[in-house]
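Q: Please guide me through the reading of helix packing and sheet order.

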Amino acid sequence: MRFAVRTAVLSLAAALGVSAPLFAQNDLDQRINKEADSLLATYKHLHENPELSTQEKETSALIAAELKKTGYEVTDHFGQYAESGLNAYGIVAVLKNGPGPVVYVRTDMDALPITENTGLPYASHVKVARPGGGEVGVMHACGHDLHMTVFLGTAHMLAELKDRWSGTVVLIGQPAEETVAGAQAMLRAGLYTKFPKPDFVLALHDTAAVPAGKVSWHAGPLLAGADSVDITVRGYGGHGAAPQAGKDPIVIASEIVVALQTIVSREMDPQLPTVVTVGSFHAGTKHNIIPDEAHLQLTVRTMNPAHREKVLEAITRITNGIAAAAGVPAERAPIIEVAADHVPATINDLALTNRVGASLERALGKENVLAGEPIMASEDFSLFALEEPRPPISMFWLGAADPGKLKDAKEKGTRLPGPHSSEFAPVPDPAIRTGVKAMTSAVMDLLKK
Ligand SMILES: [Zn+2]
Ligand SMILES: [Zn+2]
């Protein structure tokens with residue numbers, strides 16, 4: 001019977017003068033088009049109702065309910081945060097469909113503390129209290145609402161097309177990506193031991209560097225590793241009119257800021273992207289007081305563990321060396337703290353990413369698949385590759401920019417708001433349809449019968 005149906009499909013395809021895979025693609029297009037309106041409505045709802053990292057209560061409930069309805073075996077509230085011990089709003093949805101590999105697809109679910117400034121009819125008006133007083137808006141400024149919508153569309157397509165693939169799909173709704181706590185919370189809770197072990201892990205992220213309707217991909221390092229470093233420069237405070245009596249931490253810290261710039265320019269291999277940014281410098285209270293301390297906060301971006309060690313060593317050496325040169329005694333040496341929230345570089349597995357890239361080209365056409373570029377932002381998607389059985393991971397870029405505006409910005413060299421901007425406004429259609437088609441095709445190719 002199955003054979004007969006297949007023959008009928010092939011002959012119909014032949015009669016229409018198209019090849020069989022193309023026929024299947026058209027069929028996928030039709031299914032996605034049929035769902036496009038309801039996916040767009042879901043996107044707008046998610047966009048209007050963003051929730052901050054670790055607080056994705058309503059968002060995860062919506063995703064979990066939708067996946068249950070689609071026939072997935074859903075576990076919600078999965079994961080635990082190490083620091084607070086609180087439960088995470090993680091979702092794991094499993095669809096077993098015969099023998100074959102296990103493919104994980106991950107979406108993130110959280111939004112950012114940014115007051116939306118897009119002017120969109122479905123803009124977020126959600127506000128939360130700011131820790132120091134006052135309030136701030138909440139916005140899906142990283143496009144995780146777009147990721148979730150594509151994820152749901154992909155879930156539907158994979159369930160509808162079960163007769164065309166064999167294996168297991170595990171869909172992950174990850175909370176708290178922006179605070180790089182969510183992936184860890186789910187992995188620590190036994191994601192890879194309580195659920196089928198992954199053979200492949202896929203994800204996508206939106207980008208304003210690619211027009212909506214297209215995707216891009218890149219094998220190898222895609223996103224940098226990130227560290228936060230706090231430096232307390234200690235001197236001896238005193239009267240501003242008697243500098244000879246103290247050790248001025250403001251001058252020492254200023255020299256440190258300038259000297260840190262030589263790590264990237266003079267110490268690192270120019271072929272290896274590195275960032276050392278001093279994002280905060282605080283010291284003093286008044287014009288005529290030399291303070292006891294100055295505080296610096298740095299973000300450091302590196303591409304692998306050895307590279308990271310080298311940069312952190314250079315920061316320590318330069319900081320201590322400048323303080324010593326200023327005559328600060330050992331007992332008042334700077335305090336250098338590397339925060340525990342380190343996130344490693346996201347390295348797209350070569351073999352898997354090449355396979356995914358080929359799927360994207362087959363599904364979307366070569367003209368809609370561009371060469372992707374690595375960026376120095378960071379993601380905790382990297383952690384999915386580091387937990388036993390250390391599965392290959394791959395993330396591709398989903399175009400979200402208005403094609404006309406992107407072309408204009410490129411030609412004129414002007415700015416086009418991207419992720420983490422209050423003005424970031426992805427073009428949901430065709431980005432959603434493109435994302436669903438791309439991710440569904442990539443998963444089905446990995447689970448080919
Ligand atoms: Zn983000
Ligand atoms: Zn993001």
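Q: Which residues in helix 3 meet which residues in helix 4?
A: Some conventions come first. This is a predicted model, in which local features need pLDDT of at least 70, side-chain atom pairs count only at pLDDT 80 or more, and totals for chains, interfaces and linings use all residues. Residues are numbered from 1 along each chain as its sequence is written, chains are lettered from A and ligands numbered from 1 in the order in which they are written, and side-chain values use heavy atoms, leaving out hydrogens and water. Helices (H or I, at least four residues) and strands (E, at least two) are DSSP runs numbered from the N terminus, and contact means heavy atoms within 4.5 Å. Here Thr59, Leu62, Ile63, Glu66 and Leu67 of helix 3 meet Met148, Phe151, Leu152, Ala155 and His156 of helix 4.

Q: In what order do the 4 strands of the open sheet lie?
A: Two strands pair if DSSP finds at least two bridges between them. In this sheet the order is 12-14-10-15, with antiparallel pairing. Strand 12 (275-283) and strand 15 (335-338) each have a single partner strand, so one side of each is left without a neighbour in the sheet.

Q: How many bridges join strand 10 to strand 14?
A: Strand 10 (residues 225-234) and strand 14 (residues 293-302) are joined by 10 bridges. Within this pair, Asp230 has Gln297 in strand 14 as its bridge partner.

Q: Where does Asp445 lie, and which residues does Asp445 touch?
A: Asp445 belongs to helix 11 (residues 428-446). Not counting residues up to four places away in sequence, Asp445 touches Arg355, Ser359 and Arg362.
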